[in-house]
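Dear colleague,

Please find the structure below, handed over for your own work. My notes on what was found in it follow directly after.

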Amino acid sequence: MTTPWWRRAAMLVALVLPVFLGPLPAARADAGGVQLKPIGTPSWQPVDCHLFSAPVGTAASGYAEASDTVGRLLPPPDHVPRPPLLAIGPGAAHTPPYDTELGDGIRALGFHRGHRFTASEFSEGAGVFLVCMVVPDPGVVGSSPDFASGPIIPNSTFPIHVEGVATRNGDPFDPFLTNFDVPPLTTSIDPAFDVDGHSHFPIFVATNADFGPADSDLRGRYVYRFTMVDASGAGWTVGAHFVVRP
């Protein structure tokens with residue numbers, strides 16, 4: 001099977017997280033119904049989280065349609081692909097707030113958003129995405145690709161490590177859902193940035209029937225759960241439920 005872009009790093013390590021079947025204790029729900037629980041005291045947070053079905057492609061296409069989907073959600077000029085470290089990175093400068101960009105993109109493209117999907121929305125080239133935008137809490141000010149001075153997640157906070165799994169009916173479904181590092185905006189990015197940090201950045205995870213057990217019955221209750229942990233050890237646990245029905 002061709003390895004798609006969003007899980008190349010995930011093939012290196014499998015993290016077995018506790019099965020998440022109910023609301024996270026002491027968690028808050030994002031407006032999209034995604035459960036968010038802080039780890040320590042992070043100075044940044046995921047917002048604008050959504051579950052939706054969209055093209056991911058097939059092994060025959062190398063899952064290239066997944067890249068097309070995320071590029072259409074956050075199109076140029078404000079955002080541009082910056083491979084290999086950032087699927088979508090900074091483009092033209094644009095001012096905050098950044099907490100509706102993903103939701104606006106999903107609505108504009110007409111993707112089915114929610115927590116109930118059909119088997120056809122989870123197979124044969126389609127998959128279920130979980131997306132969030134990550135923004136800074138107030139307090140830290142510096143330069144970013146979007147402004148000379150404003151709220152940022154400073155480069156010293158990075159890398160932010162993202163890792164997690166998908167389950168179905170409480171059993172492992174996709175143990176390689178995601179595993180990657182979000183880098184600082186420094187010379188590691190091509191072209192290089194000379195800024196103090198990120199003003200915002202998106203997170204995308206997705207899977208479908210191709211990456212689960214080889215069975216014909218996709219029906220069930222699915223959970224995506226992943227952690228985002230920064231260089232200080234602070235971060236978030238993110239959990240999202242959805243159902244696949246006939």
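I begin with asparagine 169, which is partly exposed, with a relative accessible area of 48%. On the scale used here, buried is under 20% relative accessible area, exposed is over 50% and partly exposed lies in between (1.4 Å probe, protein chains only). Asparagine 169 lies in the loop between β12 and β13. It has a positive phi of about 55° although it is not a glycine.

Please note that this is a predicted model, in which local features need pLDDT of at least 70 and side-chain atom pairs count only at pLDDT 80 or more, while totals for chains, interfaces and linings use all residues. Residues are numbered from 1 along each chain as its sequence is written, and side-chain values use heavy atoms, with hydrogens and water left out.

Overall composition

The protein contains 2 helices and 17 strands; these are DSSP runs numbered from the N terminus (helices H or I, at least four residues; strands E, at least two). Of its 246 residues, 52% are buried. Among contacts (heavy atoms within 4.5 Å) with a separation of 6 or more, 71% are between residues 24 or more positions apart.

Strand pairing

Two strands count as paired if DSSP finds at least two bridges between them. β12 (160–168) and β13 (171–182) pair in the antiparallel sense over 8 bridges, and histidine 161 stands opposite aspartate 181 in β13. Asparagine 169, already mentioned, belongs to the hairpin of these strands, which has 2 residues between them.

An open sheet of 4 strands runs in the order β6-β3-β8-β15, with antiparallel pairing. β6 (112–113) and β15 stand at its edges with a single partner strand each, so one side of each is left without a neighbour in the sheet. Within this sheet, β3 and β8 pair over 10 bridges in the antiparallel sense; phenylalanine 52 has phenylalanine 129, in β8, as its bridge partner.

Helix α1 (residues 64–73) has as its buried residues Ala66, Thr69, Val70, Gly71 and Leu73. These pack against β3 (44–55), β5 (86–90), α2 (101–109), β8 (126–136) and β15 (201–207).

In soluble globular proteins, nonpolar side chains tend to be buried together. A nonpolar core is taken here as a set of buried Ala, Val, Leu, Ile, Met, Phe, Trp, Tyr and Cys residues joined through side-chain atoms within 4.5 Å. The largest such core holds 32 residues, of which Phe122, Leu130, Phe201, Tyr224, Met228 and Phe242 touch the most other members. At least two residues of this core come from each of β3, β8, β12, β13, β15, β16 (220–229) and β17 (235–245). The greatest contribution, 5 residues, is that of β17. A second, separate core has 21 residues, including Val56, Leu74, Tyr98 and Ala206.

What does phenylalanine 122 contact, leaving aside its neighbours within four places in sequence? Its partners include Gly127, Val128, Phe173, Thr207, Leu218, Tyr222, Tyr224, Phe242 and Val244.

Cavities

A cavity is a set of points, on a 1 Å grid over the protein atoms alone, where a 1.4 Å probe fits but cannot get out; lining residues have an atom within 4 Å of a point.

The largest cavity is lined by 17 residues, and Gly89, Pro90, His198, His200 and Phe201 are the closest to its centre. β5 and β15 are the elements that give two or more residues to this lining, with β5 supplying the largest share, 4 residues. The lining divides into 8 nonpolar, 7 polar and 2 charged residues (nonpolar: Ala, Val, Leu, Ile, Met, Phe, Trp, Tyr, Cys and Pro; charged: Asp, Glu, Lys and Arg; polar: the others, Gly among them).

Backbone geometry

Most residues other than glycine have a negative phi, and most peptide bonds are trans. Glutamate 124, in the loop between β7 (116–118) and β8, has a positive phi near 50°. Glutamate 124 is exposed, with a relative accessible area of 76%.

Where do the cis peptide bonds of proline 97 and proline 191 lie? Proline 96 and proline 97 are joined by a cis bond with omega of about 10°, and proline 97 is in the loop between β5 and α2. The bond from aspartate 190 to proline 191 is also cis, with omega near 0°; proline 191 is in the loop between β13 and β14 (197–198).

With kind regards

Notes: 1 Å grid on protein atoms, 1.4 Å probe; cavity = no way out; pocket = protein on both sides within 12 Å on 5 of 7 lines; lining within 4 Å.
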